[in-house]
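Colleague: Can you walk me through the packing in this one? I'd like to start with the core and then get to the rings.

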Amino acid sequence: MKKYFLLLILGYIIKNNLPAQSINSFTNNLINTNQVLFVKTSTYNSINATMFLYERKNQNKSWKLIDSFAVVVGKNGLAKDVNANITFADSAPIKHEGDGKSPAGIFPLGSVFSY
């Protein structure tokens, strides 16, 4: 069985500052990854978000949307993870322990099992 890696990407859309980011804007960060959980909020302070589940056959294929649904992030929204290797707006809040914000960035989940 071929092993897949899952990544969780907490994305964001900052009204009037940045256009909505799509999964394609992160393709260079998703080498050797064929499944992605992609979360978007309307602002950094929004707790309501949408999770998009994407999959592709291999690195040479396009991302295919499998499903999407509403989710809730941290009780105070999102903040950029200081170790994230993606670009954020200068106005993005920085994640601090206890701030009630979920970290934004690209995070490997590894193998996931369920019933």
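This is a predicted model: local features need pLDDT of at least 70, side-chain atom pairs count only at pLDDT 80 or more; totals for chains, interfaces and linings use all residues.

Colleague: OK, on to aromatics. How many aromatic pairs does a search of the whole structure find?

Modeller: The search turns up 4 aromatic pairs. Take Phe38 and Phe52: their ring centres are 6.4 Å apart with the planes at 50°, so that pair is tilted.

Colleague: And where do those two lie, Phe38 and Phe52?

Modeller: Phe38 is in strand E2 and Phe52 is in strand E3, so the pair ties together parts that are 14 residues apart in sequence.

Colleague: Are Phe38 and Phe52 buried or exposed?

Modeller: Both Phe38 and Phe52 are buried.

Colleague: What about Phe38 and Tyr54, what kind of aromatic pair do they form?

Modeller: An edge-to-face one, with 6.3 Å centre to centre and 70° between the planes. Here Phe38 sits in strand E2 and Tyr54 in strand E3, so this pair ties together parts that are 16 residues apart in sequence. Tyr54 is buried, as is Phe38.

Colleague: Last one: which residues form the aromatic cluster?

Modeller: Phe26, Phe38, Phe52 and Tyr54 form one cluster. Two of those names, Phe38 and Tyr54, also came up among the core residues with the most contacts.

Terms used: Residues are numbered from 1 along each chain as its sequence is written. Side-chain values use heavy atoms; hydrogens and water are left out. A nonpolar core is a set of buried Ala, Val, Leu, Ile, Met, Phe, Trp, Tyr and Cys residues joined through side-chain atoms within 4.5 Å. Buried means under 20% relative accessible area, exposed over 50%, partly exposed in between (1.4 Å probe, protein chains only). Rings of Phe, Tyr and Trp (its six-membered ring) pair if their centres lie within 6.5 Å; planes under 30 degrees apart count as stacked, over 60 as edge-to-face and the rest as tilted. Helices (H or I, at least four residues) and strands (E, at least two) are DSSP runs, numbered from the N terminus.
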